Amino acid sequence: YKRQFLDWCAEHWPEVPYPWQAGVAHRLLEHDADGQLVWRRAGISVPRQVGKSVLLRQLAAWRINHEHLFGEPQTVLHVAHALNTTEEVFYPAVAVAKAKGWTVREANGQMKIQVGENRWVPRSTQTGYGFTLSLALVDEAWAVQPRRVESAYAPTLSARRSGQVILFSSANETATGLFPRFRSAEREGWLLLEWSAQPGADLHDREVWEAASPVPVDATRAALMGDELASDPRTFGFERLNRWPEKAGMSWGQQLAAGLPEAGGALAGPVVLALESDRSGSWGMAASDGRHVEVAEADTLDRALVWLLGRTSHAVGLLVHAAVVSRIPADFPVRPATVTAADAQSATADLRERIRNRSLTYTGALAASLSRAHTAGRGEHEYIAGQASSGSVAAAKAASWAVWKAATSPLAAPAIY
């Protein structure tokens, strides 16, 4: 339906498709002999500021004006990780819709453009259940959780002809697994269209800039890109060259675990101990001097305490969760101190930076426990969250506490009597 799309845009829409947008539409709108679209899912990955939002608007507006092609009313759901992102894309279409006499609603949470029984509905990713969709447009897909697409959008397409999910995303180092997994998948009925630089590409190479951009890199664009490269090369690689990181799509813990050195090293001097448990009954133990951490796991508290006892001769502290304090024997050589929520947040940030800076060595179960870890909270309030993780992360939590406390507190050698 490329010709119908281009003809309609030329006659009815103020934004004329760029050549790359026309090419993408040509692939997205390929159909079989029965007129059914052949691509159930598509992913479009381009650098920022090349017209991705314009294409999204064009597709949504075209779809709700072509009920006759698909034989049934069309419902287009347009989502992003934040409602204000969808609004920024949606609002330029409102003036066009009003001028054409289409039905428009602008009330918060009820926004839509409607043509007859066909509607274009912008929402946040929290929405999707209850709709029967013809087309789901997922903007900024790097920030969208996979379960939103798999459980909220994709299943609703099965009741419609030519149902599609189209993911739009630029590269991002904090991407969820949604788009990176789509990029690596090879499934019949799935289409990937991407302009990007390879992970090892030279950021300063003008030919790389041009190859990664679907629009010409003219003098003005080149000057702006040069300024951005000089200011922040890392961000430039993601946003201007759409250079996906090799670890994109890994969980928080998987990325950290991948950044750990080979296990090795040893404790030296006074240490801080830490003990944590999870709902499954697993225990995690750690001992750290601030530069090295020993980590272990146990299936009972008794075995965890035995492990800790073997390290008490040089221990100056024991950190535990508030729920564990009462379970520490009164005669244990080191008295426990409670880890607060603020402590856990500081410890998570500290562990992340030490691994990224390669300033921490370890022995034991750190890598395995970290690989299962997910976090809750954002920014300075981020912490390792057992409930959000894919298995026991008690050892990773204990390790973060012990390393943080040992590294940020002066450690005096324990007195010997």
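Helix α6 (residues 146–153) has its buried residues covered by elements that include β1 (41–45), β2 (75–80), β5 (118–124), β6 (135–138), β7 (164–169) and α7 (178–184). The buried residues of α6 are P146, R148, V149, A152 and Y153; buried means under 20% relative accessible area, exposed over 50%, and partly exposed in between, with a 1.4 Å probe and protein chains only. Helices (H or I, at least four residues) and strands (E, at least two) are DSSP runs numbered from the N terminus, and contact means heavy atoms within 4.5 Å.

The model is predicted, so local features need pLDDT of at least 70 and side-chain atom pairs count only at pLDDT 80 or more, while totals for chains, interfaces and linings use all residues. Residues are numbered from 1 along each chain as its sequence is written, and side-chain values use heavy atoms, with hydrogens and water left out.

Turning to the whole chain, the secondary structure comes to 15 helices and 16 strands. The C-alpha atoms fill a box of roughly 90 × 50 × 40 Å along the principal axes. Of the 417 residues, 51% count as buried. Among contacts between residues at least 6 apart in sequence, 68% join residues at least 24 apart.

A helix pair comes next. Helix α2 (residues 19–28) packs with helix α3 (residues 52–63) at an angle of about 45°, and their axes are 11 Å apart. Axes here are lines fitted to C-alpha atoms, for helices over the stretch in contact, and angles run from 0 to 180 degrees between N-to-C directions. The two helices are therefore oblique to each other, given that angles under 35 degrees count as roughly parallel, over 145 as roughly antiparallel, 65 to 115 as roughly perpendicular and the rest as oblique. On the α2 side, the contact is made by W20, Q21, V24 and L28, and α3 brings K52, V54, L55, Q58 and L59. Sorted by class, this contact of α2 with α3 has six nonpolar, two polar and one charged residues; Ala, Val, Leu, Ile, Met, Phe, Trp, Tyr, Cys and Pro count as nonpolar, Asp, Glu, Lys and Arg as charged, and the others, Gly among them, as polar.

Rings of Phe, Tyr and Trp (its six-membered ring) pair if their centres lie within 6.5 Å, with planes under 30 degrees apart counted as stacked, over 60 as edge-to-face and the rest as tilted. The count comes to twelve aromatic pairs. F5 and W62 form an edge-to-face pair, 6.1 Å centre to centre with 70° between the planes.
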